[in-house]
Amino acid sequence: MDIYLLEAIINGLLLGGVLALLSLGLNLIFGVIDVVWIVYAEIVMSAMYAVYWLHNYYGWPLFLAFAAAIMIAALIGVLVHVLVIEPILGSAPINQLLATGGLLFFLQSLATLLFGTEFRNLGVRLPVLELAGLYISFSRLIAFVVALIGAVILYLFLARTYLGTAIRAISQDREIMGLMGVNERSVYVITSAIGGGLAGLAACLLVLQYDVHPFIGLTFGPITFMICVLGGLGNMIGGFIAAFIMSQIIAIGGFFFSAEIAEVLAFVFFIVMILIRPQGILGKK
Amino acid sequence: MNAQRLIAYLPPAAILALPFFMPNYYQHLAVQIVIWSLVYTSWSLMGRFRLTSLGHGAFLGVGAYVPTLLWNNWSVSPWLGIPVAMALAVTLALVVGYPCFRLKVVGHYFALVTLALGQVVLLVIVAARDVTGGSLGMTPRIVGHSWYALQLPDKSEFYAVALAAWLIGIAVWFRVDRGMERAALEAIGEDEDAAAAIGIDVLREKLKITALSTALTALGGALYAQYLMYLNPDIMSGVGVSFQIVFASIAGGMYSALGPTVGAAFTIGLNEGLRVLFGTHFIGAANTIYGALLVVFIIFMPRGIVGLFETLRTRTRTPPPSGAPDTQPAE
């Protein structure tokens, strides 16, 4: 096989890891609270800025900055739920989507106001691995591994703990859980915190690969939503598979055509898939 | 039409005529407000019936690029190019809309499909950089003042053209608002199956309103390109513009004829006002305030600015007895 094609496929696999990590938190929110946080990618952006400022400006060690950024993102997640989603939890899902969309404008503009529109680079350069003549981005490899570990931990948390069971139960039937003595509100708040925290985790890995700027959310926000829907809302494994399908379309399409055409193919694939299987690849009707 | 009604039409007509007598800068603002009002009104045609499109940037982009490409490459007058662009936008909308409506893709699924469509058009424009200039943008071939090329450096002339287009948009809005379509589409928005059960052709009604909405959006895009004389995929298409269209319409009030227009005036006014006040020190300040306001609007007053005034007016006119009727649309 063509070595460059192989490299494209491997890089696609690694990109899939990044996308899977990004979609993890959104998928949780989507599945449990049944809300599309259009603002999700902007929470990632905020956490990226947090890492940048704490590390580059205040001189915090990288890992401390990462931890702080995850905490900040989790806090933003809680605030999104308490301030924006909760007052309109009963109204049409599209209104919730739009309300978080207003928040998207807010965070984006606030970032422009505070930090300007410059592209900011963390300045941490990770080596590029060379493996049997193939060049592989080390930061993407880390993102890939962390995405896998994150998904497994999240799966164990949802499957094995009491809280996780409550979260899964509430995603199946909102009304009944209240009657069963589960405090819905605290489940939602905890889910939002975890969702936000996962956005923060994704941010820590993205900031190693990409420059931060106020509009970075718009570049990978849409593809993250598509992946969640494609995988079946709230279906973690489906989301994972969808992330890798999308990333392969982008990688292989990019190899044969151009980067833009590859993304066009990915979006067209999404549109066709949602028409054929609106419940997602692994979703149940 | 009796004299009393004629007098009632005078103040709005005076407001619309005012920009003709104003300095250049205000004319520039007026043209922008009127063009965006047309686009927002078109979006609201769908949006008010819960067909929330997050991809209207796609149709704006088609409207902007097609006439310019036809003009630059084959010297086709925009007077012909714009109808062609509108037809193409409608075709694109129907190709995606038909299976969507057929398979009952609604709510936030519909929103995400349209979001993807917006991305597709944006990326195609960027990818076809040999003809569209890609991210660098392009300019229509300049011939100076020409009605044939719809290149009108005189702002008051362009304002007249934009105003005419806006009036068409408002007329369509009223036509839909007063026709049977409105009742049918509201029923569909509430419950598709029930609407179908009482004999409403759900698919047909949805396709009709989608075609109207996208055609007018393309018209707005074409006018905006002809006015700026510069096209750029980020200005004319893409997620940013699509969101701008949605949110300005909601802020103004998508359930009222003049709501989207108020939304356009409000957002452009806010932006310009803060820019003049603070200069370039606080880039993003206007949108930060705007974003916060949007969240408040959507949570507490989904009918927007105009909706708020309508509510206040009906409350003062007829003081409701106990248990005031809720004027908010029931969710």
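How many residues of chain A are in contact with how many residues of chain B? In this predicted model, local features need pLDDT of at least 70 and side-chain atom pairs count only at pLDDT 80 or more, while totals for chains, interfaces and linings use all residues. Residues are numbered from 1 along each chain as its sequence is written, and chains are lettered from A and ligands numbered from 1 in the order in which they are written.

**View 1. The contact between chain A and chain B.** Here 39 residues of chain A are in contact with 43 residues of chain B (C-beta atoms, placed from the backbone, within 7 Å). On the chain A side, helix 4 (93–115), helix 9 (216–231) and helix 11 (259–276) each supply at least two residues; helices are DSSP runs of H or I with at least four residues, strands are E runs with at least two, and both are numbered from the N terminus. Helix 4 of chain A gives the largest share, 15 residues.

**View 2. The hairpin of strand 1 and strand 2 in chain A.** Strand 1 (residues 128–131) and strand 2 (residues 134–137) of chain A pair in the antiparallel sense over four bridges, pairing being at least two DSSP bridges between two strands. A:Leu129 stands opposite A:Ile136 in strand 2 of chain A. Two residues lie between the strands, and A:Ala132 in the turn has a positive phi of about 50°.

**View 3. The fold of chain B.** Chain B contains 15 helices and zero strands. Its C-alpha trace spans about 65 × 50 × 50 Å along the principal axes. Buried residues make up 46% of the 331 residues in chain B (buried: 20 or more other C-beta atoms within 10 Å of the residue's own, C-beta atoms being placed from the backbone).

Definitions and conventions:
Contact = placed C-beta atoms within 7 Å. Buried ≥ 20, exposed ≤ 12 C-beta atoms within 10 Å, placed from the backbone.
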